[in-house]
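Here is a short tour of one protein model, meant to be read with the structure open beside it.

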Amino acid sequence: MAKTYPKTVQDLTSVVQILLQQMQDKFQTMSNQIIGRIDDMSSRIDDLEKDIADFMTQAGVEELEGGNKIPATQKS
């Protein structure tokens, strides 16, 4: 398979511009995918935090300042 090389500066410029555009398109696609996955992960974390808070409420556990947890029946 024979390769053809750019014969003029304009041809070379055109090839470089096409390659740069292709790279930019690929990076934009990857960036959009990463942002989408981060958004999904953020939603999942929010859901987990809500579920944990609901479980703690159902179990009668309240969080004190400093992160210590006590059963709601032992409140002072």
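pLDDT is the predictor's confidence in each residue, on a scale from 0 to 100. That score matters here, since this is a predicted model. Across the protein the mean pLDDT is 86, and 78% of the residues reach 70 or more. Where is confidence highest, and where is it lowest? Helix H1 has the highest value, with a mean of 96, while strand E2 (residues 69-71) has the lowest, with a mean of 60. Where pLDDT is low, the predicted coordinates should not be read in detail.

The protein has 1 helix and 2 strands, and along the sequence they follow the pattern α-β-β. The helix, H1, covers residues 9-59. How many of the 76 residues count as buried, as a percentage? The figure is 1%. The protein exposes about 7300 Å², and 58% of that area is supplied by carbon and sulfur atoms.

A nonpolar surface patch of about 780 Å² is made by Leu 12, Val 16, Leu 20, Met 23, Phe 27, Met 30, Ile 34 and Ile 38. Met 30 is a handy residue to start from: Met 30 lies in helix H1. Its relative accessible area is 42%, and because patch members need over 30%, Met 30 passes that cut-off.

There is a negative patch to look at as well, formed by Asp 46, Asp 47, Glu 49 and Asp 51. Asp 46 has its place in helix H1. With a relative accessible area of 43%, Asp 46 is partly exposed.

**A salt bridge in the helix**

How many salt bridges does the count give? It comes to 1. The partners are Asp 54 and Lys 50, whose closest N and O atoms are 3.0 Å apart.

| Residue | Relative accessible area | Class |
|---|---|---|
| Met 30 | 42% | partly exposed |
| Asp 46 | 43% | partly exposed |

Methods. Residues are numbered from 1 along each chain as its sequence is written. This is a predicted model: local features need pLDDT of at least 70, side-chain atom pairs count only at pLDDT 80 or more; totals for chains, interfaces and linings use all residues. Side-chain values use heavy atoms; hydrogens and water are left out. Patches are made of residues with over 30% relative accessible area and no salt bridge: like charges are joined within 9 Å, nonpolar side chains (Val, Leu, Ile, Met, Phe, Trp, Tyr) within 5 Å. Accessible areas come from the Shrake-Rupley method with a 1.4 Å probe; for residues, only the protein chains shown count as cover. A salt bridge is a side-chain nitrogen of Lys or Arg within 4 Å of a carboxyl oxygen of Asp or Glu. Lys and Arg count as positive and Asp and Glu as negative; His and the chain ends are not counted. The place of a charge is taken as NZ of Lys, CZ of Arg, CG of Asp or CD of Glu. Helices (H or I, at least four residues) and strands (E, at least two) are DSSP runs, numbered from the N terminus. Buried means under 20% relative accessible area, exposed over 50%, partly exposed in between (1.4 Å probe, protein chains only).
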